[in-house]
Amino acid sequence: MDVSQAQNAILSLLGQVAPSALPKVIQWMKTSSEIEELTTSNADILLHNIADDLRNCLPVEAMVGSEKEAVENIQSLQRPTLHVDAFLYDEDTIDSLCEEGKMSRNYCMSCGSTKTAPLDFLSHSFSILELKFLFHHALPDLSGKNLLDVGSRLGAVLYAGYVYSSASKLEGVEINAEFCDLQEKIIKKYNFTDRIQVHHSDVCSQKTLLQGADVVVLNNVFEYFLNKEEQTKAWIFMHENLRKKGCLIVTVPSLEESFSKLQINIPLSEWVEEIELDTDIFLGPDTDQEALSDIHLYKIL
Ligand SMILES: C[S@@+](CC[C@H](N)C(=O)[O-])C[C@H]1O[C@@H](n2cnc3c(N)ncnc32)[C@H](O)[C@@H]1O
């Protein structure tokens with residue numbers, strides 16, 4: 001059954017429900033765990049298990065001691081910001097931590113008062129739902145293709161690519177040694193060694209990796225981790241080495257936004273074409289359309 005056939009069948013069924021029962025049936029459809037289970041797979045459960053393992057190895061903010069510069073950059077943001085790694089913490093986990101007093105969604109505006117305002121949240125990884133959207137809805141079939149995650153951090157993109165796609169090879173390049181060790185542990189534990197490989201390196205010394213990839217993921221990769229001059233150099237390196245015609249580039253935020261903040265004058269329309277993504281989709285009760293619409297997909301011309 002395709003989408004419109006399923007919609008017609010549901011409408012026809014709902015047309016037979018007694019009008020007084022209809023609100024209850026619709027409410028059940030919106031909130032029932034049975035419906036939620038239809039959207040949950042073994043792959044989702046495996047990713048949740050990996051997130052549990054990683055949470056046990058990391059502090060709540062999921063940043064490590066060697067990320068001094070990134071921590072300073074984030075502390076200098078104008079609005080108070082909370083690090084919540086979206087791969088490790090879904091909405092339910094955040095609620096539990098708030099209840100236990102280990103996390104707060106608000107900050108005190110004048111110390112000692114009860115006046116509070118919501119904190120800005122900053123994640124350094126995609127959430128499981130965003131990854132499901134990426135591999136099941138945004139990207140085409142990846143059979144026979146190589147994917148490269150630039151700044152692979154906890155490895156979330158690589159593990160999701162393993163369980164949600166048929167990509168032949170999933171490579172990560174990560175500048176931080178502590179995160180490379182963590183990824184190696186997970187890759188071994190879950191037997192992902194046949195398709196996943198992580199390189200501990202600065203991506204700007206990895207021409208061959210960039211030039212050979214069919215899909216390249218750049219999720220908030222440079223902004224908080226490099227100074228402006230280094231960011232500009234890194235983007236120019238991306239532009240010089242991502243040249244394979246038809247190669248797909250996934251970015252958060254858009255290339256336009258990253259380039260405008262750094263005043264990089266690369267004519268984007270001569271390099272890539274943006275592919276519109278349909279984010280009007282239900283992937284589970286935590287689906288965040290706003291977060292999905294931050295994901296941009298480009299094809300190299
Ligand atoms: C926001 S995280 C991306 C996480 C992951 N790709 C995801 O989507 O879940 C960015 C990562 O890029 C790494 N990074 C920053 N500059 C890099 C560089 N020049 N080469 C390799 N990794 C870099 C940082 O250490 C950080 O772990």
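Of the 19 residues around the ligand, which come nearest? They are G151, E174, D202, V203 and N219; a residue counts as near a molecule when one of its heavy atoms lies within 4 Å of it.

The model is predicted, so local features need pLDDT of at least 70 and side-chain atom pairs count only at pLDDT 80 or more, while totals for chains, interfaces and linings use all residues. Residues are numbered from 1 along each chain as its sequence is written, and side-chain values use heavy atoms, with hydrogens and water left out.

A polar contact is a pair of N or O atoms within 3.5 Å. The backbone of G151 places an N or O atom 2.8 Å from a nitrogen atom of the ligand. D149 uses its side chain, where an N or O atom is 2.9 Å from a nitrogen atom of the ligand. An oxygen atom of the ligand lies 2.8 Å from a polar side-chain atom of N219.

The helices come next. Helices are DSSP runs of H or I with at least four residues, strands are runs of E with at least two, and both are numbered from the N terminus. Axes are lines fitted to C-alpha atoms, for helices over the stretch in contact, and angles between N-to-C directions run from 0 to 180 degrees. Angles under 35 degrees count as roughly parallel, over 145 as roughly antiparallel, 65 to 115 as roughly perpendicular and the rest as oblique.

Helix 8 (residues 156–164) packs with helix 7 (residues 128–138) at an angle of about 50°, their axes being 10 Å apart. Helix 7 is therefore oblique to helix 8. On the side of helix 7, the residues in contact (heavy atoms within 4.5 Å) are I128, L131, K132, F135 and H136, and they meet A156, V157, A160, G161 and Y164 of helix 8. By class, this contact of helix 7 with helix 8 has seven nonpolar, two polar and one charged residues. Here Ala, Val, Leu, Ile, Met, Phe, Trp, Tyr, Cys and Pro count as nonpolar, Asp, Glu, Lys and Arg as charged, and the others, Gly among them, as polar.

Helix 8 also meets helix 4 (residues 42–55), and these two axes come within 10 Å and cross at roughly 155°. That angle makes helix 4 roughly antiparallel to helix 8. A43, D44, L46, L47, I50 and L54 of helix 4 make the contact with Y159, A160, V163 and Y164 of helix 8. Its residues divide into nine nonpolar, no polar and one charged.

Helix 4 has a further partner in helix 9 (residues 177–189), with an angle of about 140° and axes 11 Å apart. The two helices are therefore oblique to each other. I50, D53 and L54 in helix 4 meet L182, I186 and K189 in helix 9. This contact of helix 4 with helix 9 has four nonpolar, no polar and two charged residues.

Two backbone details remain, and both are in loops. A62 sits in the loop between helix 4 and helix 5 (68–75). Its phi is near 55°, a positive value in a residue other than glycine. P253 belongs to the loop between strand 9 (248–252) and helix 12 (255–262). The peptide bond that joins V252 and P253 is cis, with omega about -5°.

Definitions and conventions: Polar contact = N/O pair within 3.5 Å; in protein donor to acceptor, adjacent residues only side chain to side chain.
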